[in-house]
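Thanks for asking me to look this one over. My notes follow the picture below, point by point.

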Amino acid sequence: MILDGLINGLIMGGILSLPVLGVAVVYGITGVPNFAIGLIGVFGGFTTWYFLSVGLPLAILIGIGICFPIGYLLQGVLLTPLSRKKEADSTLFFLITISFGFIVEGAIRSVFPKPTISIAFPRLGAIHIGDVSADGFKFVALFVAVVALIAIRLLEQHTKAGRSLQATSQNLKLATLIGINTNQVFSLAHGAGCSLAAVGAIFWGALYTLDMGTGWHLGFMGFIIAVIGGIGNIWGGLISALLMGMVMSFAGYFLGGVWQSVILYGIVILVLIISPRGILGSERSI
Amino acid sequence: MAEPILRVTNLVAGYGPISVIKGIDFNAYEGEIVGLVGPNGAGKTTFLEALVGNIEIREGQIHFLDKRIEGMSVMKRRKMGMVLMPQEDYIFPFMPVKRNLQVAAVLSRDEEKEESLDFVYGLFPVLKERERQIADTLSGGERKMLSVGMGIMTNARVILIDEPSIGLAPKIVTALFENLKMIKEETGKTLILAEQNVKILKIADRIFGLEAGKIRFCEKTEDLDEAVVKELYMGE
């Protein structure tokens with residue numbers, strides 16, 4: 001039972017880590033918590049589902065690709081100009097991004113013919129580890145999450161855009177003074193974050209079902225897990241996602257599914273009281 | 001005498017309803033070190049921030065390379081060749097030393113970056129020794145060296161440094177100031193240093209004394225009576 005819980009927890013954590021990475025990249029760099037990010041990811045999931053007829057790989061690329069300009073423009077056209085206003089505070093951004101989430105939700109309902117979908121991926125059969133067997137596709141999801149994390153780290157270290165992202169997240173004032181176009185960096189980060197959320201939503205849609213509720217759920221869970229890990233701290237986000245995946249998995253086994261949320265959010269409150277900057281620390285607290 | 005590279009006329013700037021800078025006239029020539037001295041609250045930092053466009057000005061004109069720049073963004077002024085290394089948070093703390101230097105050269109060509117990096121390592125060998133070390137783990141003096149090195153890496157013609165000596169031991173201040181003098185002599189860059197440390201008199205070509213947002217005196221260093229500077233700080 002323990003091995004079963006560990007494996008399922010790892011997989012759940014791996015999937016959750018994708019929207020967490022999205023939130024970590026966006027909030028860590030721009031300082032704006034985008035509560036619509038899950039819905040934008042779900043929009044990418046629905047787009048992938050809609051274009052399945054052109055072939056799965058291309059459909060996935062379209063789904064992920066369409067979320068990039070949404071995030072890029074949301075930041076460049078709306079959030080960056082707003083952040084220059086004196087009245088701009090976290091409440092304003094909360095209200096604006098929540099409202100934008102409802103706009104995306106309305107757009108999904110208007111554009112796509114079904115409110116709930118599941119994305120048909122080729123099945124890989126069961127993989128057995130000891131007495132435990134799990135859908136092989138779930139391991140693919142975990143693998144993709146790890147690859148996405150490594151890819152982000154490599155891009156951050158070895159590209160000019162990545163180094164600008166890193167510099168902006170570490171010291172915005174100095175980054176601006178030395179000539180980094182920080183507004184463009186914010187837009188790039190937001191576009192990348194929304195694309196990561198789309199990857200998470202696509203896998204969620206392949207393993208379970210995807211609807212509007214999933215969008216809000218992934219967005220809020222992603223935000224909470226990112227805060228627990230230490231907002232903007234990508235490694236912290238990943239560790240936090242894996243731990244939360246374990247907590248949900250074991251709570252489900254020992255206490256039943258209805259207790260998962262009680263245990264999870266109870267731990268969230270405890271961690272935030274003890275360490276408001278997350279388990280691995282962060283420049284920001286909520 | 002040549003035209004100044006930077007000319008400021010009747011500059012007024014501040015925060016909220018308060019004007020911290022109250023009508024400053026200032027100039028700097030190519031290849032000189034200008035010291036901006038004055039007690040805490042005199043407006044040195046505000047003046048530097050206004051020069052690079054980090055705060056909006058309320059009145060006055062700033063000419064840089066014969067162009068009016070007061071309406072330009074920080075980025076445009078930076079591209080024209082002016083950079084400010086701030087007093088606090090002057091490094092990228094979680095990056096290695098070498099990456100800090102490389103990032104500072106964001107607007108430079110690759111060959112310029114290599115050349116500047118060699119120059120900085122020649123000036124501050126300790127940065128070469130610690131190039132892989134995370135910047136946050138450097139000592140205070142090493143961080144200031146890194147900050148000055150980053151200023152050089154930007155390849156700006158005018159480098160503004162806010163309180164380079166603050167928090168450093170006297171010996172380190174002397175060494176750092178010698179390095180600043182060497183930068184001027186070897187690169188021909190203009191350095192504008194806001195300072196409280198009177199050792200600035202040993203390296204600056206001219207000194208502007210700032211008090212309560214106004215220029216109290218502007219003198220060539222060799223003509224300046226040190227007692228005047230002390231009086232500015234002590235209010236005697």
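How many residues lie between β1(A) and β2(A) in their hairpin, and which residue in the turn has a positive phi?

1. **The hairpin of chain A.** Two residues separate β1(A) and β2(A) in this hairpin, and A:Gly130 in the turn has a positive phi of about 60°. The strands, β1 (126-129) and β2 (132-135) of chain A, run antiparallel and are joined by four bridges. One of the pairs is A:Ile127 with A:Ala134 of β2(A). Helices (H or I, at least four residues) and strands (E, at least two) are DSSP runs, numbered from the N terminus, and two strands pair if DSSP finds at least two bridges between them.

2. **What to keep in mind.** This is a predicted model, where local features need pLDDT of at least 70 and side-chain atom pairs count only at pLDDT 80 or more, while totals for chains, interfaces and linings use all residues. Residues are numbered from 1 along each chain as its sequence is written, with chains lettered from A and ligands numbered from 1 in the order in which they are written.

3. **Chain A as a whole.** Chain A has 11 helices and two strands, in the order α-α-α-α-β-β-α-α-α-α-α-α-α along the sequence.

4. **Where the chains meet.** Chain A gives 14 residues to the contact and chain B gives 21; two residues are in contact if their C-beta atoms, placed from the backbone, lie within 7 Å. On the side of chain A, α6 (160-170) and α7 (172-178) are the elements that give two or more residues. That side has five nonpolar, seven polar and two charged residues. Here Ala, Val, Leu, Ile, Met, Phe, Trp, Tyr, Cys and Pro count as nonpolar, Asp, Glu, Lys and Arg as charged, and the others, Gly among them, as polar.

5. **The sheet of chain B.** Six strands make an open, mixed sheet in the order β6-β7-β8-β3-β9-β10. β6 (82-85) and β10 (214-220) of chain B are at the edges with a single partner strand each, so one side of each has no neighbour in the sheet. From one strand to the next, the twist averages 15°. Strands β7 and β8 of chain B run parallel, joined by five bridges, with B:Leu160 partnered by B:Ile192.

6. **Helices on that sheet.** α1 (44-52) of chain B touches β3, β6, β7, β8 and β9 of chain B, and makes about 150° with the direction of β7(B). Angles run from 0 to 180 degrees between N-to-C directions, and axes are lines fitted to C-alpha atoms, for helices over the stretch in contact. Nine of the nine residues of α1(B) are buried, so the rest of the structure largely encloses this helix. Just after α1(B), B:Gly53 has a positive phi of about 90°.

7. **A helix pair.** α3 (97-104) of chain B packs against α6(B) at about 35°, with the axes 7 Å apart. The residues of their contact include B:Leu101 and B:Met150; by class they are six nonpolar, two polar and no charged.

Conventions: Buried ≥ 20, exposed ≤ 12 C-beta atoms within 10 Å, placed from the backbone.
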